[in-house]
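Dear colleague,

I am handing over the structure below, and my notes on its strands and helices follow it. Please read them with the model open beside you.

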Amino acid sequence: MITEINPEETTRATAFKMWMTSPMPMVTLVKTIDVSKLVKTARRRGLKFNMLLCWCIGKAAGKIEEFYTLPVQGKFLRYDKIAVNVIVQNKNGGINSCDIPFSENLEQFNRDYIELTEKVAEDCKSIFNEDYMIVGTSAMIQTELDCIVNQYTDKFANPMVLWGRYHKGLFKTTLPISFQFHHVQMDGGHGARFLEELQKSVRE
């Protein structure tokens, strides 16, 4: 369910006034996280690493109230559920988007992830779920990357989490995560808390 809310009645009132009409209101934070346990879990249970990371992203986002609101075309909207968007390479060599509803139940999220991404890859058609607050992701695993700064477009002001290939070190495996968000939606402190929650979820 989506509800339009009055920004003046929220903690984001000042931010809405300052940043809603800004030509570049996006903020990008970068944090290198320890994904050693996630890599081991993926191998031990035969699960996709990116699926597990997307699940951890949804889990971390769900703990932060600001993720449920979003500035859209001059309006401030509140959502009651979250989905994680992934980019899928289709059978023709192109790419499509796929919105996967977040579930606290990992097995359910994994089933939805596999079913929906396989459908998108086969049909070459994106799956969008406008009833959900979308957390975008993009994995560029062809190479290790230190940082990613995404393009900004008023067609997609949703938060984005981006990463490249993880780095296997002598004692741990690490992955730099780039997190981009709209300044109306949240401040740097909220973004930093999300990255901390993401690291906790990955380690659990």
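**Strands and their pairing**

Strand S3 and strand S4 (residues 75-79) pair in the antiparallel sense over four bridges, where pairing requires that DSSP finds at least two bridges between the two strands. Before going further, please note that this is a predicted model, in which local features need pLDDT of at least 70 and side-chain atom pairs count only at pLDDT 80 or more, while totals for chains, interfaces and linings use all residues. Residues are numbered from 1 along each chain as its sequence is written, and side-chain values use heavy atoms, with hydrogens and water left out. Strands are DSSP runs of E with at least two residues and helices are runs of H or I with at least four, both numbered from the N terminus.

Strand S5 (residues 82-89) runs antiparallel to S6 and is joined to it by seven bridges, and the bridge partner of Val86 in S6 is Cys98. The two strands form a hairpin with five residues between them, and Gly93 in the turn has a positive phi of about 90°. Strand S6 (residues 95-101) is mostly covered, since five of its seven residues are buried (under 20% relative accessible area, with a 1.4 Å probe and protein chains only).

**Helix packing**

Helix H3 (residues 49-61) packs against helix H4 (residues 106-123) at an angle of about 125°, with the axes 10 Å apart; the axes are lines fitted to C-alpha atoms over the stretch in contact, and angles run from 0 to 180 degrees between N-to-C directions. H3 is therefore oblique to H4, a class left for angles that are not under 35 degrees (roughly parallel), over 145 (roughly antiparallel) or 65 to 115 (roughly perpendicular). In the contact (heavy atoms within 4.5 Å), Asn50, Met51, Leu52, Cys54 and Trp55 of H3 meet Leu106, Phe109, Asn110 and Tyr113 of H4.

Helix H2 (residues 36-45) and H3 pack at an angle of about 130°, with their axes 9 Å apart, which makes H2 oblique to H3. Their contact is made by Leu38, Val39, Thr41 and Ala42 of H2 together with Phe49, Leu52, Leu53 and Cys56 of H3.

With best regards

Conventions. Buried means under 20% relative accessible area, exposed over 50%, partly exposed in between (1.4 Å probe, protein chains only).
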